[in-house]
Amino acid sequence: MERYIENEKQDFQGRTRDLPILREGLSGAQVEAKPAPQLVFDAQFPIPHTNSFGHNFRDYDVGSERQEGVENFYRKNHIHQSVDFVKKMRQEYGKLNKVEMSIWECCELLNEVVDESDPDLDEPQIEHLLQTAEAIRKDYPNEDWLHLTGLIHDLGKVLLLPSFGGLPQWAVVGDIYPVGCKFDESIVHHKYFKENPDHNNSAYNTKYGIYSEKCGLNNVMMSWGHDDYMYLVAKENKTTLPLAALFIIRYHSFYALHREEAYKHLMNDEDVENLKWLHIFNKYDLYSKSKVRIDVEKVKPYYLSLIEKYFPAKLRW
């Protein structure tokens with residue numbers, strides 16, 4: 001498991017003290033990560049009233065053209081995402097031996113991906129990445145690490161492609177949640193967990209399960225998907241993004257936590273601080289989805305410069 005040696009110190013307004021941060025990776029090597037710079041809460045991003053289909057955002061019960069497919073997705077997801085399955089996926093994909101390519105090459109691969117779990121968008125995923133990044137960039141022009149986080153947060157969805165094993169949608173996208181403890185009722189379409197093999201396992205179906213109070217999210221197994229995969233890719237390829245960015249990448253689909261406030265009993269102090277950044281990010285991730293296209297060639301040079309700043313030229317995936 002990864003262990004953080006020292007984390008940035010932030011006050012309630014998100015300001016940071018410029019302290020060195022060391023984190024100990026799976027190999028035991030210590031690498032330095034930068035603290036997140038000061039972030040001022042003066043965003044101007046207008047929150048739309050409805051999604052591109054004319055419905056409320058994240059409405060999983062409305063009778064839309066995507067509702068049936070989304071519910072069927074979550075039925076499969078909740079049945080199959082077990083402790084054993086997550087361990088198997090982390091062992092397999094933690095090897096990072098599928099492909100070697102750049103961040104931008106991965107962005108372009110997402111032209112082939114549509115997220116079946118999303119009731120708010122049916123556009124290729126690269127559109128969502130750029131919409132998120134550009135919305136953040138407009139409100140926080142000086143926080144380039146947050147712009148890049150917006151661009152790359154969903155890159156793990158390449159797991160759907162044949163060159164990455166062609167995993168089914170239920171093993172890649174959708175909301176994530178802890179396995180190894182009770183499935184909280186706030187999780188979307190909770191009713192389908194009754195068919196999960198862990199549902200009746202006494203070791204896994206209590207409030208804490210295999211965990212303990214304030215054990216830290218880093219010690220909690222999350223349902224497998226694009227979040228955890230992209231986190232592993234970024235960390236193991238030694239990105240210099242701040243730890244807040246890695247937290248956002250890893251938990252941005254953990255809506256049971258950052259929207260419903262479930263599972264807070266598992267968080268440690270570091271998680272509490274980083275959650276503040278995730279709350280900021282989530283508004284742009286969710287509400288920037290629209291039919292308005294971004295001019296890719298116009299913004300590409302800017303994002304290539306950020307990729308060069310925070311990542312190696314080629315990454316192991």
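I began with the ring criterion: rings of Phe, Tyr and Trp (its six-membered ring) pair if their centres lie within 6.5 Å, and planes under 30 degrees apart count as stacked, over 60 as edge-to-face and the rest as tilted. By this rule I find 14 aromatic pairs.

I note that the model is predicted, with local features needing pLDDT of at least 70 and side-chain atom pairs counting only at pLDDT 80 or more, while totals for chains, interfaces and linings use all residues. Residues are numbered from 1 along each chain as its sequence is written, and side-chain values use heavy atoms, with hydrogens and water left out.

I looked up Y93 and W224, which are stacked at 5.8 Å centre to centre with 25 degrees between the planes. Y93 lies in helix α2 (residues 83-93) and W224 in the loop between α5 (144-152) and α6 (226-236), 131 residues apart; helices here are DSSP runs of H or I, at least four residues, numbered from the N terminus. Y93 also pairs edge-to-face with Y229, at 5.9 Å and 80 degrees. At 4% relative accessibility Y93 counts as buried, the term meaning under 20% relative accessible area with a 1.4 Å probe and protein chains only.

I then turned to D285, which I find in helix α9 (residues 269-287). UniProt, in an unreviewed entry, lists D285 and H128 among its "binding site" positions, and such annotations may be inferred rather than shown by experiment. The side chains of D285 and H128 are joined by a polar contact of 2.8 Å, that is, a pair of N or O atoms within 3.5 Å, one able to donate a hydrogen and the other to accept it.

Key. Helices (H or I, at least four residues) and strands (E, at least two) are DSSP runs, numbered from the N terminus. Buried means under 20% relative accessible area, exposed over 50%, partly exposed in between (1.4 Å probe, protein chains only).
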